[in-house]
Amino acid sequence: MVLRFSHHKGGPTYWGRINTGDLLLQEAAGRLKESLREIDVVSRLGGDEFLILVEKVHSQTDAARIAQKLLMVLDSPFNINGRQLTISASIGISMFPDDAKTASILIQHADMAMYKAKERGKNYYYFFKQELSDRATQRFQVESDLRHAIQDKQLVVFYQPQYSLSNGRLTGLEALSRWTHPERGTISPDEFIPVAEESGLIIPLTEWMIEQAIIDWKDLVTNLKSIPQLSINISSHCFHMHGLVSLVKELIDRHDIVASHLELEITETSLMQNADRAFNILVDLKKLGVHIAIDDFGTGYSSLSYLQKFPIDTVKIDRSFVKEIVHQPDVATMVSAIIRMCHTLGLDVISEGVESISQMAMLTEQGCDIVQGYIYSQPIPPEKVTILLQREM
C-alpha cells in the first residue's frame, strides 16, 4: 500500500536562524515513523508532502485503519519553539496490485487520490479509483487542446444582450468565450474554464478575450448613436495577477475606446480573497474610467455592507436566485432587499438567467434595472449581434 500525504497549515514562520516550518515537518515525520512498523518506509517528497510505503496490507479495511491512525496521530498539537501549532492532513491511498503493478504508477494514483481527499476538506483519506485516472487523462487532454486553441484562434467570443426593464432597450453586451474543437465540436465553458483556471491558462485566455471583445465591440458599435456597454468577466486568478490594470489601460489606449463603455465583472469571492488588495485594484481601474460590476452576487461570503466599501457601479444577482424567485418567498424577499440596498447606494442591479415572463414581472415589480437571459436571447456570435443592433439601436 502507498499513501501520499500532504498536510495543511499556513506558510512557515522564522525564529532567528531556525525555520519553524521545517521543525514542524521534522516532528510530523517522527510521529509518522513511530506509528508504523520497522518494515514500513516514510519519505519526504518535498514541501509538506510525504510518501509512505506500507507492506503486507491485505484489505481496504486494514488500509483505512492505518490512514485513520495517522490522521489521529497528527491531530494533536505540536510544541515548536514554545508555541502550540496544529496541522491537518489529506491522505491518498493506492494498493498493489489492484491499483497498479509498478511503483511509479502506484505513486501517481496515490497522488490523484490525495487531491481528491483535499477536495473533501481537512483530515480525510481517499482510495484511488480508476475514474480518477480517466478524469485526469481527460483533463490533461483538454488542457493540451486548450493551449493549442488559444494559439490557433479556435476560440471565439459570443455576446449575451442585456435589456433595461424600464424601457425595454438594449443597454449592454456581456462577452463570453466559446470553443469549437476541430474534432470534438463545441466544448462547454463548464468543461474548459475550470481547466484553464487550474492550469494557469486562464491568464492568456482572459488577455485574448478582453482584446478580442474590444475589437468586436468597436466594430459592432461603429456609427451607432446609442452605444451599449461591453461587459467582460475577469476570473479570480486574473483579477489578482500583477499587471491587470496596465493591461486594461494598454488595450483601451491601443484600440482608442471610451473607458466608460467597458465594464469588468468581478465575482464577490474574488474581492473577499484579499479585500485590501482588491480595493486598491478597483480604485486603479476606476481611475481609468472603466465600470465595475460584482458578478454572481449572493453566492459568495460577503455581505451587503461591502457594497458601500468597494468602488463599484453595478451588482449582478446570481441566476440561482432568479431561478427560485417566483416559487420561494424567502428568495424573493432576499432579492428585493438586495435591490433596495443597491439603489440606496446608487448602484444599478442586473439579474442573470431570466427565462420566464413571471420572473421578469417579479423583477420589474421589485425595481430591478436590467435583465439578461434566454427570455430575451442566448449568447450569440458577432454576426448575429450586428443584426440585433441594427434592429434595436
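A residue is called buried when its relative accessible area is under 20%, exposed when it is over 50% and partly exposed in between, with a 1.4 Å probe and protein chains only. The exercises concern a predicted model, in which local features need pLDDT of at least 70 and side-chain atom pairs count only at pLDDT 80 or more, while totals for chains, interfaces and linings use all residues. Residues are numbered from 1 along each chain as its sequence is written, and side-chain values use heavy atoms, with hydrogens and water left out.

**Exercise 1. The whole chain**

Task: describe the protein by its secondary structure, its extent and its buried share.

Solution. Helices (H or I, at least four residues) and strands (E, at least two) are taken as DSSP runs numbered from the N terminus, and on that basis the protein has 14 helices and 18 strands. The C-alpha trace spans about 80 × 50 × 45 Å along its principal axes. Of the 393 residues, 46% are buried. With contact meaning heavy atoms within 4.5 Å, 66% of the contacts between residues at least 6 apart in sequence join residues at least 24 apart.

**Exercise 2. The buried side of a helix**

Task: determine which residues of helix H3 are buried and how they are arranged around the axis.

Solution. Start with the helix itself: H3 runs over residues 103–120, and its 18 residues reach 26 Å from first C-alpha to last, close to the 26 Å expected at 1.5 Å a residue, where the expected span is 1.5 Å times one less than the number of residues. Next, list the buried positions, which are Leu 106, His 109, Ala 110, Ala 113, Met 114 and Ala 117. These residues cover an arc of only 150° around the axis, so they lie on the same side of H3; the arc is that of the directions from the helix axis to the C-beta atoms. An α-helix has 3.6 residues a turn, so residues three or four places apart point the same way. Finally, Gly 121 follows H3, with a positive phi near 125°.

**Exercise 3. A strand between two partners**

**Exercise 4. Aromatic rings**

Task: count the aromatic pairs and classify Tyr 125 with Phe 127 and Tyr 163 with Tyr 376.

Solution. Rings of Phe, Tyr and Trp (its six-membered ring) pair if their centres lie within 6.5 Å, and planes under 30 degrees apart count as stacked, over 60 as edge-to-face and the rest as tilted. The count comes to 3 aromatic pairs. For Tyr 125 and Phe 127 the centres are 6.1 Å apart and the planes at 90°, so this pair is edge-to-face. For Tyr 163 and Tyr 376 the values are 4.3 Å and 20°, so the pair is stacked. This pair links distant parts of the chain, 213 residues apart, with Tyr 163 in strand E10 and Tyr 376 in the loop between strand E18 and helix H14. Tyr 163 is buried at 4% relative accessibility, whereas Tyr 376 is partly exposed at 32%.
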